[in-house]
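I open these notes to record what I looked up and what I found. The entries follow the order in which I worked.

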Amino acid sequence: MKTIDSIPTSKIQRASKLVTTGAKIGVNYLKYYGDKFTKSEEEAKEKLNTNNAEDIYNGLQQLKGSALKVAQMLSMEKSVLPRAYVEKFSLSQFSVPPLSPALVVKTFKRYFGKDPNEIYDKFDTVSTNAASIGQVHRAEKNGKKLAVKIQYPGIADSITSDLSMVKPIAVKMFNIRGKDSDRYFKEVESKLVEETNYVLEVEQSIAIVAACKHIPHLNFPNYYADLSSDRIITMDWMNGLHLSEFSTNNQEVSNKLAQALWDFYMFQIHTLKKVHADPHPGNFLVSPENELIVIDFGCMKTIPMDFYTPYFELAKPECINDPVLFEQKLYELEILRER
Amino acid sequence: MFHEMLSLFTQPFHEEEFDFSDDIFFGQISDLGSKYMKSSELKNMNGNRGSKHFIYINRTFFGLYNLMHDLKGKEIRINNYKNL
């Protein structure tokens, strides 16, 4: 498999990557206008979207990190985005070219101060999965199969500069204007910075597992704080299929998995007021026993009460059907503001 | 506009049981999405998008609904978490 030996870490290197992507999109638009004369408008548009999605994705793929995270977020808005974007961006959810074995060992040593072989009985330097800000390796210790997640070097430092480069594209795509865009990008930035903090992720994981382990048909790996650092996480290796690869004709199994997923989210939102805010298929597995496994707690969102209350009251039918009450809630949620 | 989206999106919460395999429901969401995508009125609207907490909470519901649909879960007991 193709691996990469270095990640463009300097701002200039990364910026030039995005410029290349931008230039390619320009070329695609030229092709679009060419095609428009020869083909139907619909056909040409579809082709344009496919070409753009591919170029954006290829550009982002080499950037990894926060730019890829943005691609993930975009791909979740399935119904809002043109089909071509969704297909290409869905790939970004769990397959990007991994770091070479030599770079893996070097990175591990830098973060942990020790060679992986000094810590684990066995450590596979070839990664099994690459994710947006890290990649996963198989390991073994005391007969236990483990999964070791290693963060890509330079990610944490590049978030702010990555976001400032992605911002103009996102602002255009979603038509966010003025003051709002700053508020939103601050929120995204602070979440992304949180996600690079693996010490926090281990803490959150352990807390959530303890709070949710009573939910039926729902499983979690154990997390090992003593084998983790701010850039490395060690947890149990979980056998299972990614949710996107899983399919069944057994309605009972479908219902069981879906009910487990629903209960997990409703319990977090309504009882814990803190929720796993990254529900994409790459974060869930289906075990051989057809139970649901949750494997990533990097992105947790705390729901403040002054948001929770109006948000869920707004959702009630008696509020939706009452114009006065409805307007009042919109003010509370800052959708409407006093002039 | 906001009212229309909300009425649709909150449908599962108005029932005791919901069928997430329902293509009609997801078709409606998708239609509404592309309707607003194309709407020039919305594009030129200099409106604000509400509290910053919407970003991740809406993203969560969006992702969750999609996963529920992919899993084809039927007869999902909406308030089951209260009994756990």
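This is a predicted model: local features need pLDDT of at least 70, side-chain atom pairs count only at pLDDT 80 or more; totals for chains, interfaces and linings use all residues.

**Entry 1: strand pairing in chain A**

Strand S6 (residues 223–224) of chain A runs antiparallel to S7(A), and the pair is joined over 2 bridges. Looking for the residues involved, I found that Tyr224(A) has Thr234(A) in S7(A) as its bridge partner.

I then asked with how many bridges strand S4 (residues 144–151) of chain A pairs with S7(A). The pairing of S4(A) and S7(A) covers 5 bridges and is again in the antiparallel sense. Here I noted Lys149(A), which stands opposite Ile233(A) in S7(A).

Is S7(A) mostly covered or mostly open? Strand S7 spans residues 232–236 of chain A and is mostly covered, with 4 of its 5 residues buried.

**Entry 2: confidence in chain A**

I next looked up the pLDDT of chain A. The mean is 78, and 65% of the residues of chain A reach 70 or more. Over residues 32–38 of chain A the value is below 50, and this stretch has 6 contacts in the model beyond near neighbours in sequence. A further stretch, residues 78–82 of chain A, stays under 50 as well, and the model has 10 contacts for it beyond four places in sequence.

**Entry 3: where chain B touches chain A**

I turned to the contact between the chains, which takes 40 residues from chain B and 50 residues from chain A. On the side of chain B that touches chain A, the elements giving two or more residues are helix H1 (2–9), helix H2 (23–38), helix H4 (54–71) and strand S2 (76–77) of chain B. Which of them gives the most? I found that H4(B) does, with 12 residues. By type, this side of chain B divides into 17 nonpolar, 15 polar and 8 charged residues.

**Entry 4: Gly73(B)**

My last entry concerns Gly73(B), which lies in the loop between H4 and S2 of chain B. Why does Gly73(B) count as buried? It does so because 23 other C-beta atoms lie within 10 Å, and 20 or more are required.

I also listed its contacts, leaving aside neighbours within four places in sequence. In chain A, Gly73(B) is in contact with Ser254(A), Asn255(A), Ala258(A) and Gln259(A); in chain B, with Phe20(B), Ser21(B) and Met68(B). For Ser21(B) I noted the spacing: Gly73(B) and Ser21(B) are 52 residues apart in sequence, yet 5.7 Å apart in space, C-alpha to C-alpha.

How values were computed. Residues are numbered from 1 along each chain as its sequence is written. Chains are lettered from A and ligands numbered from 1 in the order in which they are written. Two residues are in contact if their C-beta atoms, placed from the backbone, lie within 7 Å. Ala, Val, Leu, Ile, Met, Phe, Trp, Tyr, Cys and Pro count as nonpolar, Asp, Glu, Lys and Arg as charged, and the others, Gly among them, as polar. pLDDT is the predictor's confidence in each residue, from 0 to 100. A residue is buried if 20 or more other C-beta atoms lie within 10 Å of its own, exposed if 12 or fewer, and partly exposed in between; C-beta atoms are placed from the backbone. Two strands pair if DSSP finds at least two bridges between them.
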